[in-house]
Amino acid sequence: KKMTERFMDLRCLALLSLLHCVAVFGDITDGNAEHLKREHSLMKPYQGVGSQWDFSGSTLVTSQYVRLTPDERSKQGSIWNTVPCFLKDWEMHVQFRVHGLGKKNLHGDGIAIWYTKERLQLGPLYGSVANFHGLAVVLDTYPNDDTSDRSFPYISAMVSNGSVPYDHGKDGRSTELGGCTAEIRNKDHDTYLAIRYSKGRLTIMVDVDDRNEWKECLDIAGVRLPTGYFFGASAATGDLSDNHDIISMKMYQLMVEHTPEEDSLDWSKIEPSVSLLKSPKDNIDDPTGNFRSTPLTGWKVFLLLLCALLGIVVCAVVGAVVFQRQQERNKRFY
């Protein structure tokens, strides 16, 4: 009887473990066609271009790709969904290519993926407007700020209500929510970007190493994005250039439950914002060591752990010395 009960317990544990794994892996969209929203997706042979998608500037639509800019100087191009998105939780997968003849830093400028109120407006920010309402995910291939020690190409995200523009000269450092370095140029294989927005959490993932797996680039909570905005992509070149190609943009609906309070909100009236310890416009590198101003990644996490470890060691040493002196003092009374 005990053996039977023990076997049943092991089966229950195995079942719980299996369910946990399913829940974890189920959190990543696997391209399930059931949840693909075709009205917000751009795919070969690009039959929706002209009805569900508009393009402008230097954009060229072929049977294999949508080229936002050719490898030529001073070009701007964009492509925008004509259908506003009213989903509260979604994930956009972008397959793209950035390639050209430029070597080392002799190329630029980059691509931006948008979820914004504005659409089809040419401007200085990778072919669109710098003062926007919504979300911009920037794939920046050229360092404009010579004082920066950041490695390029660099992917970053910005949420704006239109009051603070993207600072192109500083590569958006003062307004970014976070980001990562990603080698996306002149790859022989497909490169992908995933933008996930669910329950106020923005997650950006990349697959640029031909490993068929996502690598996290940014993950931040407290993001508020309204419904009714438009998806789009744009690119620009300056004195330096690249081919900026969009192969596909696939948008998936995420099946997420919301509280009655969340369901009662008018999501179309929400103002784009992020709940941070500091305003995004104050998100500037602080030489005095203000860790709250930028994401806790890389060497900052290492320094925090090192300081914590040193603090524990110091406390242990001080405690041992105090205890030893207390013992010696007690011996004197005997």
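The model is predicted, so local features need pLDDT of at least 70 and side-chain atom pairs count only at pLDDT 80 or more, while totals for chains, interfaces and linings use all residues. Residues are numbered from 1 along each chain as its sequence is written, and side-chain values use heavy atoms, with hydrogens and water left out.

**The disulfide**
- The structure holds 1 disulfide (a pair of cysteine sulfur atoms within 2.5 Å).
- Its partners are Cys180 and Cys217, with 2.1 Å from S to S.
- Cys180 sits in strand 9 (residues 178–181) and Cys217 in strand 12 (residues 215–220), so the pair ties together parts that are 37 residues apart in sequence. Strands (E, at least two residues) and helices (H or I, at least four) are DSSP runs, numbered from the N terminus.
- The link of Cys180 and Cys217 is left-handed, with -105 degrees about the S-S bond.
- Both Cys180 and Cys217 are buried (under 20% relative accessible area with a 1.4 Å probe, protein chains only; exposed is over 50%, partly exposed in between).

**A nonpolar patch**
- Leu309, Val313, Val317 and Val321 make a nonpolar surface patch of about 320 Å². Patch residues have over 30% relative accessible area and no salt bridge, with nonpolar side chains joined within 5 Å and like charges within 9 Å. A salt bridge puts a side-chain nitrogen of Lys or Arg within 4 Å of a carboxyl oxygen of Asp or Glu.
- Val317 belongs to helix 3 (residues 299–332) and is partly exposed at 47%.

**A negative patch**
- Asp190, Asp209, Asp210 and Glu213 form a surface patch of negative charge.
- Asp190 is found in the loop between strand 9 and strand 10 (191–198), and is partly exposed at 39% relative accessibility.

Technical notes:
Accessible areas come from the Shrake-Rupley method with a 1.4 Å probe; for residues, only the protein chains shown count as cover. Lys and Arg count as positive and Asp and Glu as negative; His and the chain ends are not counted. The place of a charge is taken as NZ of Lys, CZ of Arg, CG of Asp or CD of Glu.
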